[in-house]
Structure formats: structure tokens, C-alpha cells
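Let us take a walk through this protein together, from its overall build down to a few individual residues. Have the sequence and the 3D view open as you read.

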Amino acid sequence: MATDQDAGLDRRQIFRSAGLLAAGLTASGWSSSIAAASLKKVSDGPIRLLANENPYGPSQSAQQAMADSLQDGWMYATSEGRVLRKLIAAREGVAEDHVLITAGSGELLRMAGLSFGQEGEIVAAKPTFSMLVGYARNTGATVREIPLDQEMRHDLVALESRVTSATSLVYVCNPNNPTGTLLPANQLRSFIDTVESLATVFVDEAYVDLLDESAHNAMIDKVKAGKNVILARTFSKIHGMAGLRVGYAIARPDIIARLRPLQMSFLNVMGLRAAIASYQDESFQAYSKSKIQECLSVTHAAFEEIGLAYTPSVTNFVLFDTGGSVREFARAMRQKNMLVGRSYAPYESWCRVSMGTVEQMGQFAEALKAYYKG
Ligand SMILES: Cc1ncc(COP(=O)(O)O)c(C=O)c1O
């Protein structure tokens, strides 16, 4: 049987034969030099305007919760998931069995894509956030994609006409990523009422907390009314906790019970404790939202000034028409130390830019003016 000592000897022999020991690189020295080379501080790198993160988070309260977790946060989660579920259920006015905590809402999207994709066709807009649709397709599902309307919003009439008895799930991302557009809440409510007897309606509300009228636009009333809907929410956006991986579903208990067995991740304690703190920190949420709105104003104003078409956004990103090659535009921004997003078919000349800080968006506005006005 191999022992740790044997393994150590084997490694030494390997290094010796490769001449690495002569170069002074022991096993631990080697791995620490790899770590030093690859673990760059993101804040030292280019300005990230590409991933819809939120540089105003996490809140002080969330950071404190993580710091307090250093002693025991390495253990498996015990009560944290239950506590967070209780808080969410209480605020939303549903019972706890309507809530499922997942590793980011991305895990939930994939669970739904897998579960419903095995049962029937998935209907979704194009372009929209690709995680649910992509995972469903990768696991063998048929996906029906319906173009957005002229205003780059979900075409609810066309979506409804594609829903048949063969459809298992309709994915509606509202507000939509990558267009940043919002559906009129009452139209979405009527859509849900019409479609839910044929297929489950999955409403991705990743950005709903950023809206001024978030209560009016969230479809929680449909869950409470017992409709066949799933809401997806996340701590990645308003809470600025994208890397901490906490999201949740709100749905009827029978739908939650169907999804739960497909969960792959154990939840991480630090993320959960940070989420518990941030969820109760309403002043931080108001601050985060107001900063993102300020960033949007700066960015929208720059597009107006230059005369570039854009979709007025209610999220933390904007899709705008570069009027040319997005790759070329992105390369020029890279030279100014900024990473911007990409295009989304069929809008080949349009580019998505995520909100950084207000100062960073000021720099983006300057770079934009220099690019277009010379
Ligand atoms: C619409 C939408 N849904 C879900 C997610 C996934 O977020 P997370 O897995 O970080 O919760 C994103 C991330 O950008 C998104 O834009």
C-alpha cells in the first residue's frame, strides 16, 4: 500500500529526473510559484465591465459575517440554509417549503433545464441568458427559440403561440439579459395565467431587486396564487456577491420538491452567512441600487452624447450599438485597460457593457468619446 512517504519519494524522484531540484524548485516551492503566477488580484487587473458583477458589494455587514466565519466556516453548513430560507419566506410572505437555496441561481437554472428538458420542449427568447437553455440542450432537450420584438423585449404573443402540450417549460428572463429590457408587469401576469396550465413558467428575476418598482414587477403573487411558476433570484447582483454563490428558487412546494433532488452542490457557509447579513441590510441594498442607477445615468448619457443606439437599461448592464465590429471595439477598450462584454446574435454590432463603479463608468465614457470622436 502506498504511503504519504512513498508519494513524497516518488515526487522527489520525478523532480530530480526533470532537473527541477537543481533549479531550486521543490514540490512546495513549485506549487507556490504556480499559485503566485495564477492567483492575480482581480483589482490589480483591467477594469471589469463584462460580467454583470457589482463592485459596490459585498456590504460591510456581509464582509463582517465572512470575517467572523474564519474560525468555523470551513465546516459543512448546518443551520445557515434554514435561517436564510426562513428570512426569505418571511419577507416574501410564503411558507418555507416554497423556498430552495442553491449555489447561485445558476445552479437552479441548470436544475430546471435538466429536469424540464427531460420531460418536454423548452421555449425561450433569443437572445436571453443562456444558462438554463444551454444546459437543457447539452443534456438532450429540444429548445424552441423565439426572437425578441422590435424593442428587444420578449415577444409574449409569439412565445405563447409556440407553447403546446409538448412544452414543459417557458423561460422568461425579466429584466432580460443581455438586452436590459423589462416587460410590462401586467402583460407578464396575463401570460403566466394563460400558459401555466400547459407548461411551467420559469421567471428569472436576477435583476428585479434593482428596479424602482421591484414589488410590482416581481411575480411572487403568482407563486402565492398557486400558479405553475418558478422564480429565480440571486445574491450576485444587488448584493454584490457573485463569487460567493448564493441564489434561490421560490415556487410551489411540489415544484420545489421536484427540483431539490437534482441539486449538486453543498452550500458554502461563508456565502450563506454573508447572504443572511446582506439580506437584512436594507440600507446597503438601497445604496447599491442607487450607485448602479448613477452608473447607468453616466453610461446612458455618454451614448446619447455620441449618438449611439442603446436599450435604456434597468439592470447593471447596457446593450448598445457599436455601429461596427464589437471585437475591434473591445480591443480598443482593452488598450484603455477595460474589459467590455460581447455581442449576442442576431445583434452582431451591439455590445454589452456591465456597470463598474461610477468613476469607472466615467472612464468608460471618456474612452467611448475618444473612440468615436477621436
Ligand atoms: C439573468 C441571469 N440569471 C442568472 C444569472 C446567474 O447568476 P448567479 O448564478 O451568479 O446567481 C445571471 C448572471 O449573470 C443572469 O444574468
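This is a predicted model: local features need pLDDT of at least 70, side-chain atom pairs count only at pLDDT 80 or more; totals for chains, interfaces and linings use all residues.

The protein chain holds 15 helices and 11 strands. Its radius of gyration is 23 Å, close to the 21 Å that the globule rule gives for 374 residues, so the chain is as compact as a globular protein of that length. Of the 374 residues, 43% count as buried. Among contacts with a separation of 6 or more, 72% are made by residues 24 or more positions apart.

Now turn to the sheet. Seven strands form an open sheet with mixed pairing, in the order E2-E8-E7-E6-E5-E3-E4. At its edges stand strand E2 (99-102) and strand E4 (143-147); each has a single partner strand, so one side of each is left without a neighbour in the sheet. From one strand to the next, the twist averages 20°.

Within this sheet, have a look at strand E3 (residues 121-126) and strand E5 (residues 167-173), which run parallel and are joined by four bridges. Here Ala124 stands opposite Tyr171 in E5. Over at E2, you will find helix H4 (residues 80-92) lying across E2 and strand E8 (247-251), and the helix runs at about 135° to E2.

Next comes the ligand. Which of the 14 residues around the ligand come nearest? They are Gly104, Ser105, Gly106, Thr234 and Ser236. Helix H5 (residues 104-119) gives the largest share of the shell, with four residues.

A general point about helices is handy here: with 3.6 residues a turn in an α-helix, residues three or four places apart point the same way. After H6 comes Gly140, which has a positive phi, near 100°.

Conventions. Residues are numbered from 1 along each chain as its sequence is written. Helices (H or I, at least four residues) and strands (E, at least two) are DSSP runs, numbered from the N terminus. The radius of gyration is taken over C-alpha atoms; the globule rule is 2.2 Å times the number of residues to the power 0.38. A residue is buried if 20 or more other C-beta atoms lie within 10 Å of its own, exposed if 12 or fewer, and partly exposed in between; C-beta atoms are placed from the backbone. Two residues are in contact if their C-beta atoms, placed from the backbone, lie within 7 Å. Two strands pair if DSSP finds at least two bridges between them. Axes are lines fitted to C-alpha atoms, for helices over the stretch in contact, and angles run from 0 to 180 degrees between N-to-C directions. A residue is near a molecule or strand if its C-beta atom, placed from the backbone, lies within 6 Å of it.
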